[in-house]
Amino acid sequence: MSGAGRTPGLSVMDMTENVIPYIAGEEPKVETEPQKILGKFTGKDIHNAAFGITATCTRVPVLDGHMVCAFVQTIKPCTPSK
């Protein structure tokens, strides 16, 4: 169990073979950080990218890494290169 999003009060034994369905503060962070990263820096401020995100975060015990499952809907057809 690692990361800044560690749920206070849960031990490693609590996590063994369990899924924690809610992590306070994680969902808002996941919803706003991509908008900031993909936004524009004007030299003074960051203007967030104009798209919506809805996130659900769960904590699952793994040795290393993260997983994201994403559904993306675009106005125009796109490819990975565009």
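How many salt bridges does the count come to by the rule used here? The count comes to one salt bridge, the rule being a side-chain nitrogen of Lys or Arg within 4 Å of a carboxyl oxygen of Asp or Glu. Before selecting that pair, take in the whole chain.

This is a predicted model, in which local features need pLDDT of at least 70, side-chain atom pairs count only at pLDDT 80 or more, and totals for chains, interfaces and linings use all residues. Residues are numbered from 1 along each chain as its sequence is written, and side-chain values use heavy atoms, with hydrogens and water left out.

**Whole chain**

Show the cartoon. The chain holds two helices and two strands, and from the N terminus the order of elements is α-α-β-β. Helices (H or I, at least four residues) and strands (E, at least two) are DSSP runs, numbered from the N terminus.

Switch to the surface. Accessible areas come from the Shrake-Rupley method with a 1.4 Å probe; for residues, only the protein chains shown count as cover. Of the 82 residues in the chain, 16% are buried. Buried means under 20% relative accessible area, exposed over 50%, and partly exposed in between (1.4 Å probe, protein chains only).

A contact means heavy atoms within 4.5 Å. Among the contacts in the chain with a separation of 6 or more, 53% are between residues 24 or more positions apart.

**Helix α2**

Select residues 26–37, which are helix α2. At 1.5 Å a residue, the 12 residues of α2 should span 16 Å, and the end C-alpha atoms are 16 Å apart, which agrees. The expected span is 1.5 Å times one less than the number of residues in the helix. Buried residues in α2 are Glu26, Glu27 and Gln35.

Start with Glu26 and Lys29. These two form a salt bridge, with the closest N and O atoms 3.2 Å apart. Lys29 and Glu26 are separated by about one helical turn because they are three residues apart in helix α2. An α-helix has 3.6 residues a turn, so residues three or four places apart point the same way. Glu26 counts as buried because its relative accessible area is 15%, whereas Lys29, at 38% relative accessibility, is partly exposed.

Next, select Glu27, also in helix α2. Its relative accessible area is 18%, so Glu27 is buried. Leaving out residues up to four places away in sequence, Glu27 touches Tyr22, Ala55, Thr56 and Cys57.

At 14% relative accessibility, Gln35 is buried. With residues up to four places away in sequence not counted, Gln35 is in contact with Asn48, Ala49, Phe51, Gly52 and Ile53.

Select Leu38, in the loop between α2 and β1 (40–41). Is Leu38 buried or exposed? Leu38 counts as exposed, because its relative accessibility is 58%. Residues up to four places away in sequence aside, Leu38 touches Ala49 and Phe51. The C-alpha atoms of Leu38 and Ala49 are 5.7 Å apart, and the two residues are 11 residues apart in sequence.

**After β2**

Go on to Ala70, in the segment after β2 (46–47). Ala70 has a relative accessible area of 61%, so it is exposed. To check a distance, pick the C-alpha atoms of Ala70 and Ala55: they are separated by 9.3 Å, and the residues are 15 residues apart along the chain.

**Surface patch**

Finish with Val19, Val60 and Val62. Together they form a nonpolar patch on the surface, with about 250 Å² of accessible area. Patches are made of residues with over 30% relative accessible area and no salt bridge; like charges are joined within 9 Å, nonpolar side chains (Val, Leu, Ile, Met, Phe, Trp, Tyr) within 5 Å. Val19 is in the loop between α1 (12–15) and α2.
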